[in-house]
Amino acid sequence: MDFASLAKIYKDGFLQFINFTWIEIVIYAIILVPTFYAMIKGAPFVPTQMTQVRRMLSIVPLKKGMKLYDLGSGDGRLVHEAAKHYNVDAVGYEFSPLVWLWSVILSYVWRSKAQLRFGNFWKQNLSDADVIVCYLLPNAMKQMKQRLMPQLKPGALIISHAFQIPDLKAYKSLPPDPDQRIGAVWVYKI
Ligand SMILES: C[S@@+](CC[C@H](N)C(=O)[O-])C[C@H]1O[C@@H](n2cnc3c(N)ncnc32)[C@H](O)[C@@H]1O
């Protein structure tokens with residue numbers, strides 16, 4: 001069967017039931033492609049419990065003016081909490097358009113100075129980071145060593161929620177707390 005007949009079968013058979021215009025298809029693709037990329041390559045949107053956010057931020061010595069990045073900032077809770085309570089220069093990168101939009105809306109409620117940027121954190125220059133925070137799947141944690149750590153300055157800290165950087169000794173850690181249903185936290189020092 002040639003390509004033209006196959007395309008006709010699809011058009012007449014399947015696509016006739018999908019009444020999307022090209023504009024709608026483009027809009028859905030712009031929203032869905034980065035969302036699926038972020039879900040598969042990094043982690044799906046699962047917000048960290050606020051108790052855990054506070055625990056993660058209290059485990060390192062945060063000082064006014066320090067640069068903190070949340071890699072995959074979700075609804076922005078972590079960067080807002082860091083900016084409000086520790087006065088750090090907090091920046092979150094989020095690659096899922098809908099989640100990022102939600103975080104921008106919520107920032108009017110939080111009213112902190114944290115910045116919520118739309119973008120893929122793997123493509124950013126994070127060399128000025130004092131602290132990196134993340135809650136990402138094991139596959140992304142595996143890539144931390146090759147893709148992120150070489151660009152960080154000595155003394156920079158990586159705080160990871162729930163998943164460890166494989167084969168790397170943590171400088172500090174917090175155990176899980178089953179009563180509060182919160183996972184472990186690891187801190188790595190460059
Ligand atoms: C498990 S959630 C954590 C959200 C937030 N950090 C928290 O702790 O509440 C992970 C987030 O990372 C985002 N993400 C995954 N890969 C990403 C990438 N390469 N660039 C930017 N965001 C990404 C996902 O869209 C998701 O919202």
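The model shown in every view is predicted.

**View 1. Asn-87, a loop residue with positive phi.** Asn-87 sits in the loop between helix 4 and strand 2. Its phi is positive, about 60°, although Asn-87 is not a glycine. Most residues other than glycine have a negative phi.

**View 2. Asp-167, in another loop.** Asp-167 also has a positive phi without being a glycine; the value is near 55°. Its loop links strand 5 (157–161) and strand 6 (172–174). Is Asp-167 buried or exposed? Asp-167 counts as exposed, because it has 7 C-beta neighbours inside 10 Å.

**View 3. The whole chain, for orientation.** The protein chain holds six helices and seven strands. Along the sequence they follow the pattern α-α-α-β-α-β-α-β-β-α-β-β-β. The C-alpha trace spans about 65 × 40 × 35 Å along its principal axes. Of the 190 residues, 35% count as buried. Among contacts with a separation of 6 or more, 69% join residues 24 or more positions apart.

**View 4. Lys-41 in helix 2.** Lys-41 lies in helix 2. Lys-41 is partly exposed, with 15 other C-beta atoms within 10 Å. Pro-138 is 97 residues away from Lys-41 along the chain. Even so, the C-alpha atoms of Lys-41 and Pro-138 are separated by 9.8 Å.

**View 5. Strand 2 between strand 1 and strand 3.** Strand 1 (residues 67–71) and strand 2 run parallel and are joined by five bridges. Leu-71 stands opposite Tyr-93 in strand 2. Strand 2 also pairs with strand 3 (residues 115–118), again in the parallel sense, over four bridges. Here Val-91 stands opposite Gln-115 in strand 3. Why is strand 2 largely enclosed by the rest of the structure? Five of its six residues are buried, so the rest of the structure largely encloses strand 2.

**View 6. Two crossovers that share strand 2.** Strand 1, helix 4 and strand 2 form a right-handed β-α-β unit. From strand 2 the chain crosses through helix 5 (residues 97–110) to strand 3, and this β-α-β crossover is right-handed.

**View 7. Strand 4 and its partners.** Strand 1 and strand 4 (residues 131–134) pair in the parallel sense over four bridges. The bridge partner of Leu-71 in strand 4 is Cys-134. Strand 4 and strand 5 likewise pair in the parallel sense, over four bridges. In strand 5, Cys-134 has Ser-160 as its bridge partner. Strand 4, helix 6 (residues 138–148) and strand 5 make a right-handed β-α-β unit.

**View 8. The largest nonpolar core.** In soluble globular proteins, nonpolar side chains tend to be buried together. The largest nonpolar core in this model has 43 residues. Which residues have the most contacts inside it? They are Ala-82 and Ile-132. Leaving out residues up to four places away in sequence, Ala-82 touches Leu-57, Leu-62, Leu-68, Val-88, Ala-90 and Ala-114.

Definitions and conventions. Residues are numbered from 1 along each chain as its sequence is written. This is a predicted model: local features need pLDDT of at least 70, side-chain atom pairs count only at pLDDT 80 or more; totals for chains, interfaces and linings use all residues. A residue is buried if 20 or more other C-beta atoms lie within 10 Å of its own, exposed if 12 or fewer, and partly exposed in between; C-beta atoms are placed from the backbone. Two strands pair if DSSP finds at least two bridges between them. A crossover is right-handed if, with the strands pointing away from the viewer, the path from the first strand over the helix to the second runs clockwise. Two residues are in contact if their C-beta atoms, placed from the backbone, lie within 7 Å. A nonpolar core is a set of buried Ala, Val, Leu, Ile, Met, Phe, Trp, Tyr and Cys residues joined through C-beta atoms within 7 Å.
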